[in-house]
Amino acid sequence: MDNLIVEGGVPLHGTIRVSGAKNAALPILASALLTEGACTFRNVPRLRDIETMAALLRFMGAETEVEPPMVSVRTGHLKRTEAPYELVKQMRASVLVLGPLVARYGRARVSLPGGCAIGARPIDQHLKGLEAMGATIRLDHGYVLAECPRLRGATIHLDMATVTGTENLMMAAALAKGHTQLIGAAREPEVEELARVLNKMGARVDGAGTDVIHIEGVDELHPIDHAIIPDRIEAGTFMIAAAATGGDVLVDGVVPEHVEPTSAKMRAAGVDIVREEGGLRVRSPGARELRGVDITTAPHPGFPTDMQAQFMALMTLARGTSVVTESVFENRFMHVPELSRMGADIEVRGRVAIVNGAPSLEGASVMATDLRASACLVIAGLVAGGTTEVLRVYHLDRGYEAIEKKLGPLGARIRRVRGNA
Ligand code: EPU
């Protein structure tokens, strides 16, 4: 597995381009199952998770052409309507094929994802919604078997604003008979983007981006050509890297509204963020000159849980104390012991981390088993004195397109080496 070697202490300067959004691309690739014919998607990031989703579609018999930023998917008659454990365990988002499969093919056999590094992450809301639409659901040797010749519209109250749950049910309802109402839906920009894609295919989805989504089922959907929105989490990660190092960086292609929950907290800490043609310019006097601010993660438009680890890296050096509360996932602080090994002063009490600004961080060998935690360690490496070795970049590659190649031109001293870890 590859490792990253980061030499800290260089302020980042220049322009960095944001790639397409991973968490928008994954449900959108799955949505191709709803149509007959070839869909072409553009601005798709070159990521391991995208390859996994394409492998899953191929496993079922779809034809794919994966040449990021272009990916095309043709689903005619599938050989099987199944997501096997081998692929689901690599990527939980594989469960996004469940809704489209039941809606278009009448049946699906999808491995239960099980727990993962950041929490238990059940899919009960996905299943409850499909049942309300008439599917019979059985659990069989670790697999969910869902069947229904034709789903029918229903009113579904979600117990929490689950992102992939909302997406799965929206896709299922698009081909159901009659009207579906999703109440308590997730409002993330990726949900809105999926609704845009479905509507382009001929679906009738209304209200995405609010907590009540209406879907009027149609009999069939047609293939489309679509360019995917920029990745707000990748953008936010670059913004924090710029701020932490005391840099001046134009984050090109970011949609300012999508990163506003992160920008607002960065501004409160003392970072200067202004709109410029094409993106956001981030200027900062450096992490040591910033103020500690508190964050609590929450579904959109709250502070994103996917930015919590990176923001904490920024707070490790900010003046004063900041309180970081993780309210979305129960176990998303695995970066804390690694940051502590680099000299951070952090105390965890349940879902709360109390971060006291430290005078400096020092390089160390560190490792994380979650994508965003790994990004946090890269940021910490960029501000630490000396050399940081981020082990098992495997996780980072799931969600960041060649991060060393993107940060390098900004002045970051970061390179990839082949490791044995
Ligand atoms: N939940 C349930 N039951 C369900 C569904 C969710 O209890 O049926 C709980 C989860 O356990 C969690 C909370 O609800 O505590 C929210 O989870 P959600 O379902 O919204 O998460 P997700 O859809 O599995 C997506 C992103 C994650 C991101 C979360 C939260 C994709 C492919 N993944 O996951 O992204 O953290 O929403 O915003 O969209 C990442 O990119 O690093 C990543 C983990």
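This is a predicted model: local features need pLDDT of at least 70, side-chain atom pairs count only at pLDDT 80 or more; totals for chains, interfaces and linings use all residues.
1. Helices H5 and H6. Helix H5 covers residues 124-132 and helix H6 covers residues 163-174; their axes come within 8 Å and cross at roughly 20°. Angles under 35 degrees count as roughly parallel, and H5 and H6 are therefore described as roughly parallel to each other. The crossing of these two helices is right-handed. On the H5 side, the contact is made by Gln-125, His-126, Gly-129 and Leu-130. On the H6 side, Thr-164, Gly-165, Asn-168, Leu-169 and Ala-172 take part. Sorted by class, the contact of H5 with H6 has three nonpolar, six polar and no charged residues.

2. Helices H8 and H10. Helix H8 (residues 232-245) packs against helix H10 (residues 308-315) at an angle of about 5°, and their axes are 10 Å apart. This angle makes H8 roughly parallel to H10. H8 contributes Ile-233, Thr-237, Ile-240, Ala-243 and Ala-244 to the contact, while H10 contributes Gln-310, Phe-311 and Leu-314. The residues of this contact divide into six nonpolar, two polar and no charged.

3. The aromatic pair. How many aromatic pairs does the structure hold? There is one. A pair of aromatic rings is described by the distance of the centres and the angle of the planes. Here the rings belong to Phe-303 and Phe-311, with centres 5.4 Å apart and planes at 75°, so the pair is edge-to-face. Both Phe-303 and Phe-311 are buried. Phe-311 also belongs to the H10 side of the contact with H8.

4. Helix H4. The helix H4 spans residues 98-105 and is mostly covered, with six of its eight residues buried. The buried residues are Leu-98, Gly-99, Pro-100, Leu-101, Val-102 and Ala-103. After H4 comes Gly-106, which has a positive phi near 85°.

5. Although Val-144 and Glu-82 are 62 residues apart along the chain, their C-alpha atoms are separated by 9.8 Å. Setting aside residues up to four places away in sequence, Val-144 touches Ala-108, Arg-109, Val-110, Leu-112, Ile-123, Leu-127, Ile-137, Arg-138 and Leu-139.

6. Leu-377 in helix H12. Leu-377 is part of helix H12, which runs over residues 371-383. Its relative accessible area is 0%, so Leu-377 is buried. In sequence, Leu-377 and Val-336 are 41 residues apart; in space, the C-alpha to C-alpha distance is 9.7 Å. Apart from neighbours within four places in sequence, the contacts of Leu-377 are His-335, Glu-338, Leu-339, Val-366, Met-367, Ala-368 and Val-390.

7. Ser-72 in strand S5. Ser-72 lies in strand S5, which comprises residues 70-75. With a relative accessibility of 13%, Ser-72 counts as buried, since buried means under 20%. Not counting residues up to four places away in sequence, Ser-72 touches Cys-39, Thr-40, Glu-63, Thr-64 and Glu-65.

8. Cis peptide bonds. Pro-68 and Pro-69 are joined by a cis peptide bond with omega of about 10°. Pro-69 is located in the loop between strand S4 (63-67) and S5. His-300 and Pro-301 are also joined by a cis peptide bond, with omega of about 5°. Pro-301 is in the loop between strand S18 (295-296) and H10.

9. Asn-43 is a residue other than glycine, yet its phi is positive, near 60°. Asn-43 is placed in the loop between strand S3 (37-42) and helix H2 (48-59), and Asn-43 is partly exposed, with a relative accessible area of 29%. Ala-402, likewise not a glycine, has a positive phi of about 35°. The loop between helix H13 (394-399) and helix H14 (403-407) contains Ala-402, which counts as partly exposed at 27% relative accessibility.

Terms used
Residues are numbered from 1 along each chain as its sequence is written. Side-chain values use heavy atoms; hydrogens and water are left out. Axes are lines fitted to C-alpha atoms, for helices over the stretch in contact, and angles run from 0 to 180 degrees between N-to-C directions. Helices (H or I, at least four residues) and strands (E, at least two) are DSSP runs, numbered from the N terminus. Angles under 35 degrees count as roughly parallel, over 145 as roughly antiparallel, 65 to 115 as roughly perpendicular and the rest as oblique. A crossing is left-handed if the near helix is turned anticlockwise from the far one by less than a right angle, and right-handed if clockwise. Contact means heavy atoms within 4.5 Å. Ala, Val, Leu, Ile, Met, Phe, Trp, Tyr, Cys and Pro count as nonpolar, Asp, Glu, Lys and Arg as charged, and the others, Gly among them, as polar. Buried means under 20% relative accessible area, exposed over 50%, partly exposed in between (1.4 Å probe, protein chains only). Rings of Phe, Tyr and Trp (its six-membered ring) pair if their centres lie within 6.5 Å; planes under 30 degrees apart count as stacked, over 60 as edge-to-face and the rest as tilted.
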